[in-house]
Every structure is written in structure tokens, then in C-alpha cells.
Amino acid sequence: MEKDYLSGLNDPQTQAVLQMDGPVMIIAGAGSGKTRVLTHRIAHLIHNKVDPFNVLALTFTNKAAREMKSRITALSNEDAKNLWMGTFHSVFARILRSEASFLNYTSSFTIYDRDDSLSLVKTIIKEKQLDDSVYKASVVLNRISSAKNNLINPIDYSNDIDYSEQDRISGRPLIGEIYSMYNDRLFKANAMDFDDLLINTYILLKQFPEVLYRYQTKFKYLLVDEFQDTNLVQYAIVKKLAAQHENITVVGDDSQSIYAFRGANIQNILNFSSDYPDLKTFKLEQNYRSTINIVEAANSLIDQNKNRLPKKVWTQNESGNKIKVIKSYSDNDEANFVANQIFDSHLQNQIHYDQFAILYRTNAQSRSIEEALRKKNIPYRIYGGMSFYNRKEIKDMMAYFRLAVNPKDEEALKRVINYPKREIGDTSVDKMVVYASQQNKSLWEVVTNINMLPVEISSRTKTKVDQFASKIMSFNVQVEKLSAYDLAMGIANESGLLRELHNDKTPEGISHFENIQELLNSIQEFTLNGHTGLVLPEEDLNSDKDKKNSLDVYLQQISLLTTQDNDSSDQTRQVQVMTVHSAKGLEFKTVIVTGMEENLFPSQLSIYSREDLEEERRLFYVAMTRAEKQLYLSYAVNRFRWGKAIICEPSRFLNEIDSTYLELSQDAFSVRPSQVRLSEDRQDVFKKPSKSFASNHTQASITVPSNFKKIAKAKIKDSSFEGDDPSLIMTGMEVEHEKFGKGKVLNIEGTFPNSKATIFFNGAGQKQLLLKFAKLKCVR
DNA sequence: GGAGGCCTCGGAAGG
DNA sequence: CGAGGCCTCC
């Protein structure tokens, strides 16, 4: 029992777990049990009487934090709930809320998401009357974000030679000014963007030594996961926090650094040892995930990168099958091949669908794959679609909630001041925004004093604005008094939003209404259970126990959630379809990487610089190392891109893999029986275990089948199931439902339109359905 | 104020 | 090609 957590660890893993004090770097190869070491390390600390309150572990995703926390709980007898474990952003947001007054914020500050930030940048560009085709909001915001991640404030920005030079060359010399205004506006709105959560934490710790001392003393042990993905400001904060005890552990794999484009600095891990001369480094090189063929093939690829820490990943696993390289005629053929392959493999080898992953470089590739899977009736899940919280109706509702908590929130205010319609037009809103900006006031100040201001707005509109302001104020005073759910329900009704959506009887309108219901349900759940899925320590810094279930706490948590957090806990086993980026950290029995073509993977934007190409290669390394048993690498000779069929060359990465691990015998031409077979000579070329991919594609691309275009355009019949008028449904009727099939109506209760039917479905059993949503067809 | 036409643009994505 | 933003016209 004593040291259970050490059993089953290999030698380097054990060493890494036992080294308690001082700076530690753990270089963890793909599939080498990184999470295992991190969690066991923390369990070891707790076992050795380190108080969980004194441990801070930082991750990049909520999912990683949640998983680790539950694993630690399982490992240690002590409850791990008091561990400070969470994402950089959630942990720092928590610190900032409790120290907000130091920075002249209130603790209920709003967190602007990217859309809010973009909208604010657009507003400023408009106000400054700049050409928005030159000053593109997304470009400007990226520059600002990059500056923030590199600890450059607006004043430094304007003095910074690199930034101003680059802005001048690109014809956008005023970005520094926009940056400055943008920050002012965030401050006036009592809001922070995601980058502020980092840079403001840094400022807080730098400017207030007493605060720094408090947190340094508290966090006796720091651990950072995925260290290769940290940026400058993240590392700077971690260094500051660790300065007192220097018990800092970083875990990462330089070969899997794939986020340079959002500011990650691979130098953090490459140079870590020079910042901490006493550093103890441990290398986890034994791979437990993949076959020898996969491990060695991936090694041979990543060996081409110059910029890396020396290590050699190896495995004791079986040698396994060779990696299958698949050539297809078109993107659609490729997709069909993949679907067929999965279908057969599932059938023959009894592999569950969720053990297959289809990976691609760009989201645009998902479409043909989705079509092919649907054709074969293979269940699948695509990652990275529109998230629940990105839907318009949810954002509208949330904007009201945000305003209730923080009326200064300018973006929320602009969003709903005239939705539902209350005769406050864009012109009036623009005037108020400009006036607020000129007078250095928040928009809310203008709105609440609209009658006293010399703004050229009709008295009629002013009355409407006044009414709106009163409504928001009435919500605001209830934040402290009501539970999240009670207040949310009140706002949903009194804002008029619920009525507005309820009156919309189009299919979309009904779905919007249902989504709002779902949101309200989730708030009810939060009110009852007090959590949304975010991992945070139980310790309450605000020591404000009554506020635990209030709407502002709900918002604070939601603003840091992401798509992957609302677990759509599907019982069904589905093929996993996603970009390589989102596959990081996951593993599957079979992995199929599609679109292995020049200008796609590697991306055409990466091929002009060695650094970019190396990152692209690391990305491919990540893709390969997701596979446990079988890996397919697939490319097409023709691909639809931007509406045109493009002739593609196989990816250079295919040539970079040692060909002894590859098998080129498969090709996707055979999957469509109707398709003309390959001519003999072409098959010949393909059978050679040669490295000359580039030479055979040219031949193959000459003949485009006559039905090429037709196949590409073929759309799968949309299953738009039409229900009959719900008022026609009566007890005793035979009805049909889209999902449940045919059934009999046993009972109807309630009055239309809120009537609820109890129906026995032949296939699915007894269900209760709201008639207005159920889309039932009368059969008899 | 909303529908529909026109133009533009096209990399990946955590919080 | 298709999504999204913007403008125009009713």
C-alpha cells in the first residue's frame, strides 16, 4: 500500500517521480507515459507530506487538467481536490479575480473571447476612420496578441523597432495606436481578453512584491505540462512564481511543439537548462504505445529536424505491420477508400469504430470524408465544428448575463441593446459609442445618463435607451440575491429573448429555442451542483461562500470552457475525425492520415522557411505517433481546392520516412469496382519500394475519369425529415419519428403547444416527447 | 429592417 | 466552391 504509486514504472520514470526538489525537466517522447509520470510525481509529493494547497500544476487544456486530477485522486489516499491544477488561463484568472483591486479592476471582470476582441478592434478602426481593407481586424488583433504574449505594452510597441518596422512595411503604421486604444477600452469595460489573463498576471506579480511573495510562498511546488507549447509571458510568470523555492518541474517533448503560430516558443524548452544550471533532466524514451515499425518510421522522419534535443525513442512492442501508403485518384476516392477500409477492418478484425482516427491537415478536408462515411453508414464524430457557445442565440443570451454581472461590458451591450428590437438603431448606438470614446467614458455611463448628454438622439430613442438601462440595472441588483438559475430564467423572460425565439416557428427558430432551453438546463445543473466541468481548487479565495452558485461565478467558468469540455458523452462508438493539431495527446489503434501532399502537408505557407518546415514535420510526427497498431498515409493525385481540381504531388515527408517501414502495395483505385483499373505499368511503378513518389504521380494524373466532376459534386440525400402539424397528433395514432421509427401514441397530456406525448416505439421503446419539437409523421 | 446580390478570401487553435 | 461580410434595394 505504502508506495503503490511506484509499481509499474520503468527506471527513468521512477527517477523522475522520486526527484522531489529543485528544477526538473522531463523530456517525454511520444507515448512514453508522460501523464503517468506527472500524476505519480504529484502523488509522491502528497505522500511525502507536501500539502496539496502548496502544489500548482499548469496545463493547456481543461481536459488534461481534469484527467490528471482524477488520476491523482485515484492514486493518493488524500483528496487531491485542493491541488491547484488547471489551465494557465483558469488559474491566472482566479488569481486576478482575487487581486483585481491592485489593477483597478473589479473581481467580476468580463473575459472577452476572440469575437469580442475582433468586434472591439473593428469598432476602433472605424472610429479612427482607417481603411478596413488595409487594417484588417484579424491582422491587427493578431499583432496585438503577439505583442501581449511577448510582454510588450502599447508604449513599448510604438518604440519597438521590429514591430514598427514590420507595420510600416505592411502599410499599417498605426497598429500601436490601435493597441493602445484597445487596451483602454478593455479597461473601461472592466474586461480582459485571453492574453490579458497572462500579461496582467505578470504585471501584478512584477509591480506588487507583496502579492508576488504571497504566491511564491504558497506555491512550493510548480509543475508545467506541455512545456514546449509555452510562450514568453507564460514562462516569465512561472519563473517568477518559482523563484523562491525553485521547485519547478517542466514536462514536454520538443518534437511535438506545434503551436509556434500562436506564440509558443520552442526556445523555452531548448534553453531551459541555461536558466536553471542545477537542472536535473530525465528522458522518457521507451514508447508503450506503438509498434516498432511505427516508432522507427517516426524516428526516421523527425531525425531530419536540426533544432531538437537529443533523444532516441524505442519500444519493446511487437514489430507490427508496415505503414501502408495509399495513393488515390482524387480526394473523393481517397475518402471512399478510407471509409471502405474502416468498414472492412471493423467487420473482419472486430475493432470498434472509436479505435479509428482519420486525420487531416486542414478542416476543409473533412467534407469528402464525411460524405464517404455517411454513404457507408459509419458512425463518426468530427471535431472542431461550431461549438455550442458559439451559436448566435447562445451568445445573445450570454450577452444579457454578462451585462447583468458587468454592465460596463461594451461588447455585450452593443450586441443586445437592440435585440430583441426596441427601436434603438445602429445610428444611435454608433453616436453613443463615439461619444463615450471621446469623453473617455464607458458606454454604460453614456447609456445610463442618456437624457443628460448632448448627444443628437431623438427623445423617443432616448426614452428607449433609458428603459433598456433600467432593465439591465434591475438584473444587476439581483446578481447577489438570486441563484444563477433563478436570475437566468428571469433574464431570459424579461429581456424578451425567450419570447422572440418562441415566436419563431421556422425549423431554425425552434432549434434556437431548444438551445436556449439547453443552456438554461445547464445553468440549473450548475446551480444545483456548483460546477461546470472546469477544474479548480475548492479553496475559495474570495471567501464569499454565498456566491458559489451565482450567475457571475457561472460566467467566469463558462468563459474558460471550450468545445472539448462539453462532453457529448456519446454512448455510440464513432470514428474520430479531426485535424492533426487536435489529435495531439490522443491515441488510436488505427490512424489514417489523409492528404499527404505537397502544399497541403506540408502546407504551402511553410515551405519557404526552415523553421516553419520543421514545425510542419513535427506536426506530421505527432500524426504518426498517434497510431498504436496500424498507420495509413494517404494521398490523392487530384484534389478539389477552392472550387478547382488541382493536380497534387505526394508529400516530401513520405520520402523522408525510411522506406523499409513502408508498404506501397495498396492503392485506392480498386475500391470503386466501376472505376477503370490502373494500367499495368502504373502498378509497376507503385510496387517498387522506391523513393520516387514524385515521378509516378505525373503519369497518373493525366487521365481524369469522365465522371470525376460528377463524383465530386454528388451530394448525399439530406435526411430532412418533415413532421406533420403537431396539432393533428392524437392518442392511439400510429406515428413515425426520424430517429425512433414507427410507434403508437399512448397518451397526450398538457395543452397545445406544450402538449407532451407518451409514445411506444417498436424499435426504441417508450418515450415522452414534446409534440412541438418531435417532428412526428402521422402514419395512420 | 431584412432579403438577396456581390465581393473577398481561403492554416492550424488552446483559453 | 462556399462561408461570411458588406452593401443595396425595397
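Okay, a quick definition to start: two strands count as paired if DSSP finds at least two bridges between them, and strands themselves are DSSP runs of E, at least two residues long, while helices are runs of H or I, at least four long, with both numbered from the N terminus.

Before I go on: this is a predicted model, with local features needing pLDDT of at least 70, side-chain atom pairs counting only at pLDDT 80 or more, and totals for chains, interfaces and linings using all residues. Residues are numbered from 1 along each chain as its sequence is written, chains are lettered from A and ligands numbered from 1 in the order written, and side-chain values use heavy atoms, leaving out hydrogens and water.

So, strand 16. Which strands pair with strand 16? Strand 15, residues 588-593, runs parallel to it over five bridges, and there Phe 588 has Ala 627 as its bridge partner. Strand 11, residues 323-330, is parallel too, with six bridges; Ile 326 partners Ser 634 there.

Six strands, order 3-2-6-7-1-8, parallel pairing. At the edges sit strand 3 (84-87) and strand 8 (280-284), each pairing on one side only. Neighbouring strands are turned by 15° on average, direction ignored; axes here are lines fitted to C-alpha atoms, for helices over the stretch in contact, and angles run from 0 to 180 degrees between N-to-C directions. Helix 1, residues 11-18, packs on this sheet, touching strands 1 and 8, and its direction makes about 145° with that of strand 8. Contact means heavy atoms within 4.5 Å.

Where is Pro 602? In the loop between strand 15 and helix 28 (610-624), and the peptide bond from Phe 601 to Pro 602 is cis, omega about 10°. Asn 599 is in the loop between strand 15 and helix 28 as well, with a positive phi near 70°. Asn 599 is partly exposed, because its relative accessibility is 34%. Asn 190, also not a glycine, has a positive phi of about 50°, but Asn 190 is buried, at 6% relative accessibility.

Key:
Buried means under 20% relative accessible area, exposed over 50%, partly exposed in between (1.4 Å probe, protein chains only).
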